[in-house]
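Student: I would like to go through this model with you, side chain by side chain. Can we begin?

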Amino acid sequence: MDPLLFPRDGHGPYRVLRGFAKGLVDRFHAACADPEAAQLASLARILGQVRGTAFGVEHGLQGNEGLQAFREKVPLRGDAAWHPWLQRIEAGEGRVLTRSRVRALVQTSGTTGASKLLPVTAPWAKVVAEGQALWRLGLVRD
């Protein structure tokens with residue numbers, strides 16, 4: 001490709017937009033360089049939100065478990081096993097799955113089966129927004 005048309009760091013508008021998201025882009029590249037560390041850090045953030053919740057108490061989670069301890073304490077389960085937890089949230093109970101306030105329950109499209117409810121919290125909304133921002137930035141770049 002012509003380096004004048006497609007400079008290595010992207011074209012002008014991309015570079016401007018990337019400048020506004022520099023911290024996010026740098027964190028993304030660091031996560032890509034060491035995905036295992038990034039995934040363990042994500043698990044630690046999630047488990048920090050579980051400490052003291054109904055789910056955390058029932059499963060003996062203190063919020064500082066590593067991956068192996070988490071796997072031992074929380075069995076794999078299908079979505080039907082989550083229904084009782086989600087029904088408690090839907091009924092207005094707090095601190096069921098997370099210490100963060102649930103802002104809404106979003107219904108999925110049911111692509112792989114029946115639609116499901118996903119609790120929306122501020123930390124989850126931030127992660128989703130950051131992923132969408134990176135996607136849009138890549139779209140502009142490409």
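**Around the aromatic rings**

Tutor: F55 counts as buried, because its relative accessibility is 5%. Buried means under 20% relative accessible area, exposed over 50%, and partly exposed in between (1.4 Å probe, protein chains only). This is a predicted model: local features need pLDDT of at least 70, side-chain atom pairs count only at pLDDT 80 or more, and totals for chains, interfaces and linings use all residues. Residues are numbered from 1 along each chain as its sequence is written, and side-chain values use heavy atoms, with hydrogens and water left out.

Student: How many aromatic pairs does a search of the whole structure find?

Tutor: Rings of Phe, Tyr and Trp (its six-membered ring) pair if their centres lie within 6.5 Å. Planes under 30 degrees apart count as stacked, over 60 as edge-to-face and the rest as tilted. Searching the whole structure gives 2 aromatic pairs.

Student: Is the pair of F55 and W82 stacked or edge-to-face?

Tutor: The ring centres of F55 and W82 are 5.3 Å apart. Their planes make an angle of 25°. That pair is stacked.

Student: How many residues apart in sequence are the parts that F55 and W82 tie together?

Tutor: F55 lies in helix α4, while W82 is in the loop between α5 (67–73) and α6. Helices (H or I, at least four residues) and strands (E, at least two) are DSSP runs, numbered from the N terminus. The pair therefore ties together parts whose separation in sequence is 27 residues.

Student: Is W82 buried or partly exposed?

Tutor: The relative accessible area of W82 is 28%. W82 is therefore partly exposed.

Student: What kind of aromatic pair do F55 and W85 form?

Tutor: Here the centres are 5.1 Å apart. The angle between the planes of F55 and W85 is 75°. The pair is edge-to-face.

Student: Which helix holds W85, and is W85 buried or exposed?

Tutor: W85 has a relative accessible area of 6%, so W85 is buried. F55 lies in α4, so its pair with W85 ties together parts 30 residues apart in sequence. The helix that holds W85 is α6.

Student: Which residue lies over the face of W82?

Tutor: A charge sits over a ring if NZ of Lys or CZ of Arg is within 6 Å of the ring centre and within 35 degrees of the ring normal. At W82 the distance from the ring centre is 4.9 Å. The residue over the face is R77.

**The nonpolar core**

Student: How many residues make up the largest nonpolar core?

Tutor: A nonpolar core is a set of buried Ala, Val, Leu, Ile, Met, Phe, Trp, Tyr and Cys residues joined through side-chain atoms within 4.5 Å. In the largest one, the members include L43, F55, W85, L86 and L97. The elements giving two or more residues to this core are α3 (35–50), α4 (54–58) and α6 (83–90). The core has 12 residues in all.

Student: Which residues does L86 contact, leaving aside neighbours within four places in sequence?

Tutor: Contact means heavy atoms within 4.5 Å. With those neighbours left aside, the partners of L86 are L97, L105, L117 and P119.

Student: Which backbone oxygen does the side chain of H59 reach?

Tutor: H59 sits in the loop between α4 and α5. H59 counts as buried, because its relative accessibility is 13%. Not counting residues up to four places away in sequence, H59 touches K73, V74, P75, R77 and W85. At 2.9 Å, its side chain reaches the backbone oxygen of F55.

Student: How many salt bridges does the structure hold?

Tutor: Side chains of opposite charge can pair when their charged atoms come close. A salt bridge is a side-chain nitrogen of Lys or Arg within 4 Å of a carboxyl oxygen of Asp or Glu. The structure holds 6.

Student: With which residue does E65 form a salt bridge?

Tutor: E65 counts as buried, because its relative accessibility is 10%. The closest N and O atoms of the bridge are 3.2 Å apart. The partner is K73.

Student: With which residue does R88 form a salt bridge?

Tutor: R88 counts as partly exposed, because its relative accessibility is 31%. The closest N and O atoms are 2.8 Å apart. The partner is E93.

Key: Polar contact = N/O pair within 3.5 Å; in protein donor to acceptor, adjacent residues only side chain to side chain.
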